[in-house]
Amino acid sequence: MGALAWLTWLALSALLMLVTVAVIGAFAIVELLAQFLPVLAPTQYQLTAVSMGFGICVAVALVSTGVLVGYVRADRIFRSSASRWVDVLVAAAAVGSALNVLALFFIPGPPQLFLLVEAGVPAGVAITLVLLVMRALLRRAASMHVELDAVV
């Protein structure tokens with residue numbers, strides 16, 4: 001593997017570790033958060049569950065991205081198994097966007113926090129739509145690859 005591939009794997013692994021620590025840490029600091037922001041105390045467990053679910057979606061997206069990077073390196077990106085990993089990536093983005101919308105119903109307090117989470121909704125939807133377009137392009141390229149292999 002080249003230096004760029006190692007750097008990609010290193011970056012994805014570091015991000016995955018950070019997300020894993022954040023998901024575990026979210027459960028560990030829920031009581032501290034309730035003490036620091038009393039307005040969030042009534043919905044602290046709901047917000048923790050939503051944030052943990054979102055973190056799991058991010059972890060799934062990082063793992064599927066890593067697998068797809070491996071497929072590109074091994075020149076297997078046009079196989080049907082790659083298409084399944086792209087479907088996993090799209091599903092993780094869609095579920096993460098849905099969890100972001102769900103979080104809006106549990107934020108009682110600071111309007112800045114509500115606006116921050118609300119800004120994530122169109123970003124998540126846009127990412128999901130771009131991934132859907134890229135999935136369609138990959139399927140089209142895979143079918144063309146199969147046709148070209150048959151010709152050659």
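Colleague: What makes Val-130, Val-133, Met-134 and Leu-137 a nonpolar patch on the surface?

Modeller: Patch members need over 30% relative accessible area and no salt bridge, and nonpolar side chains (Val, Leu, Ile, Met, Phe, Trp, Tyr) are joined within 5 Å, like charges within 9 Å. Val-130, Val-133, Met-134 and Leu-137 form such a patch, with about 390 Å² of accessible area together. Areas come from the Shrake-Rupley method with a 1.4 Å probe, and for residues only the protein chains shown count as cover. This is a predicted model, where local features need pLDDT of at least 70 and side-chain atom pairs count only at pLDDT 80 or more, while totals for chains, interfaces and linings use all residues. Residues are numbered from 1 along each chain as its sequence is written, and side-chain values use heavy atoms, with hydrogens and water left out.

Colleague: In which helix is Val-130 found?

Modeller: Val-130 lies in helix α5, residues 111-151. Helices are DSSP runs (H or I, at least four residues), numbered from the N terminus.

Colleague: How do you know that Asp-87 and Arg-135 meet in a salt bridge?

Modeller: The term requires a side-chain nitrogen of Lys or Arg within 4 Å of a carboxyl oxygen of Asp or Glu. For Asp-87 and Arg-135 the N to O distance is 3.1 Å, so the pair qualifies. Asp-87 sits in helix α4 and Arg-135 in helix α5, 48 residues apart. The count by this rule is 2 salt bridges.

Colleague: Why are α4 and α5 called roughly antiparallel?

Modeller: Axes are lines fitted to C-alpha atoms, for helices over the stretch in contact, and angles run from 0 to 180 degrees between N-to-C directions. Angles over 145 degrees count as roughly antiparallel. The axes of α4 (residues 80-104) and α5 cross at roughly 160° and come within 9 Å, so the pair is roughly antiparallel. By class, their contact has 16 nonpolar, 6 polar and 4 charged residues. Here Ala, Val, Leu, Ile, Met, Phe, Trp, Tyr, Cys and Pro count as nonpolar, Asp, Glu, Lys and Arg as charged, and the others, Gly among them, as polar.

Colleague: What makes α1 roughly antiparallel to α3?

Modeller: The axes of α1 (residues 3-28) and α3 (residues 44-73) come within 9 Å and cross at roughly 165°, so α1 is roughly antiparallel to α3. The contact of α1 with α3 has 17 nonpolar, 7 polar and 1 charged residues.

Colleague: How do α3 and α4 cross?

Modeller: Their axes come within 9 Å and cross at roughly 160°, which makes α3 roughly antiparallel to α4. The crossing of α3 and α4 is left-handed, a term for a near helix turned anticlockwise from the far one by less than a right angle.

Notes
Helices (H or I, at least four residues) and strands (E, at least two) are DSSP runs, numbered from the N terminus. Angles under 35 degrees count as roughly parallel, over 145 as roughly antiparallel, 65 to 115 as roughly perpendicular and the rest as oblique.
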